[in-house]
Amino acid sequence: MATVELTKDNFNEVVEKNDFVLIDFWASWCGPCRMFAPVYDKASEQHDDLVFAKVDTEAQQELAAAFDIRSIPTLMVIRDRTVIFAQPGALPAPALEEVIKQSRAVDMDEVRAKVAEQQEG
């Protein structure tokens with residue numbers, strides 16, 4: 001599956017219609033972003049059950065600001081409309097695979113319970 005270009009116009013739709021979305025926040029002038037792009041694209045081909053998306057932080061400054069992106073590339077994982085991982089820096093392929101593996105293993109019922117607890121407190 002090819003990566004999906006996220007914009008402020010389609011972001012909510014993509015996140016709401018898909019249970020598991022990986023997002024690469026990047027910019028064309030960013031050297032580490034260009035180095036990470038082929039790693040990310042290859043992972044998207046290996047995990048066709050997941051949505052791999054990209055946010056061009058130059059073109060989508062409002063979206064980058066909404067997620068407080070201060071360094072690029074930043075990888076974010078959203079499961080069930082909840083951010084469960086966000087980390088700046090270009091990852092080598094084995095590290096990206098580990099993030100995907102650990103993100104798949106997250107107990108989302110537990111995450112939802114913790115979020116509800118925080119919102120009550």
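**Reading the terms on a predicted model**

Trainee: Why is Asp-80 called partly exposed?
Mentor: Its relative accessible area is 22%. Buried means under 20%, exposed means over 50%, and partly exposed is in between, with a 1.4 Å probe and protein chains only. The value 22% falls in between, so Asp-80 counts as partly exposed. A note on the model: it is predicted, local features need pLDDT of at least 70, side-chain atom pairs count only at pLDDT 80 or more, and totals for chains, interfaces and linings use all residues. Residues are numbered from 1 along each chain as its sequence is written, and side-chain values use heavy atoms, with hydrogens and water left out.

Trainee: What makes Arg-81 count as exposed?
Mentor: Arg-81 has 51% relative accessibility, which is over the 50% limit, so it counts as exposed. Arg-81 lies in the loop between strand 4 and strand 5, and Asp-80 is in the loop between strand 4 and strand 5 (82-88) too. Strands here are DSSP runs of E with at least two residues, helices are runs of H or I with at least four, and both are numbered from the N terminus.

Trainee: What is the phi of Asp-80, and what is that of Arg-81?
Mentor: For Asp-80, phi is near 50 degrees; for Arg-81, phi is about 60 degrees. Both values are positive, and neither residue is a glycine. Most residues other than glycine have a negative phi, and most peptide bonds are trans.

Trainee: Where is there a cis peptide bond?
Mentor: It joins Ile-72 and Pro-73, with omega about -5 degrees. Pro-73 is in the loop between helix 3 and strand 4.

Trainee: How do you know that Cys-30 and Cys-33 form a disulfide?
Mentor: A disulfide is a pair of cysteine sulfur atoms within 2.5 Å. The two sulfur atoms are 2.4 Å apart, so the pair meets the limit. A search of the whole structure finds one disulfide.

Trainee: Why is this disulfide called right-handed?
Mentor: The torsion about the S-S bond of Cys-30 and Cys-33 is about 80 degrees, so it is right-handed. Cys-30 has a relative accessible area of 4% and is buried; Cys-33, with 3%, is buried as well.

Trainee: Where is the kink in helix 2?
Mentor: It lies at Ala-37, shortly before the proline Pro-38, and is about 30 degrees. The bend at a residue is the angle between axes fitted to the seven residues ending there and the seven starting there.

Trainee: What makes Ser-44 count as buried?
Mentor: Ser-44 has 3% relative accessibility, under the 20% limit, so it counts as buried. Ser-44 is in helix 2 (residues 31-46). A polar atom of its side chain lies 2.6 Å from the backbone oxygen of Asp-41. A polar contact is a pair of N or O atoms within 3.5 Å; within protein, one must be able to donate a hydrogen and the other to accept it, and residues adjacent in sequence count only if both atoms are side-chain atoms.

Trainee: How do you know that Asp-107 caps helix 5?
Mentor: A side-chain oxygen of Asp-107 lies 3.0 Å from the backbone nitrogen of Asp-109, at the N-terminal end of the helix.

Trainee: Why does Thr-74 count as buried?
Mentor: Its relative accessibility is 7%, so it falls under the 20% limit. Thr-74 lies in strand 4, and its side chain reaches the backbone oxygen of Ser-71 at 2.4 Å. Leaving out residues up to four places away in sequence, Thr-74 touches residues including Ile-23, Phe-25 and Gln-87. Contact means heavy atoms within 4.5 Å.

Trainee: Which residues of the largest nonpolar core touch the most other members?
Mentor: Of its 20 residues, they are Leu-6, Phe-11, Ile-23, Phe-25 and Ile-72. Strand 2 gives the most to this core, with four residues. A nonpolar core is a set of buried Ala, Val, Leu, Ile, Met, Phe, Trp, Tyr and Cys residues joined through side-chain atoms within 4.5 Å.
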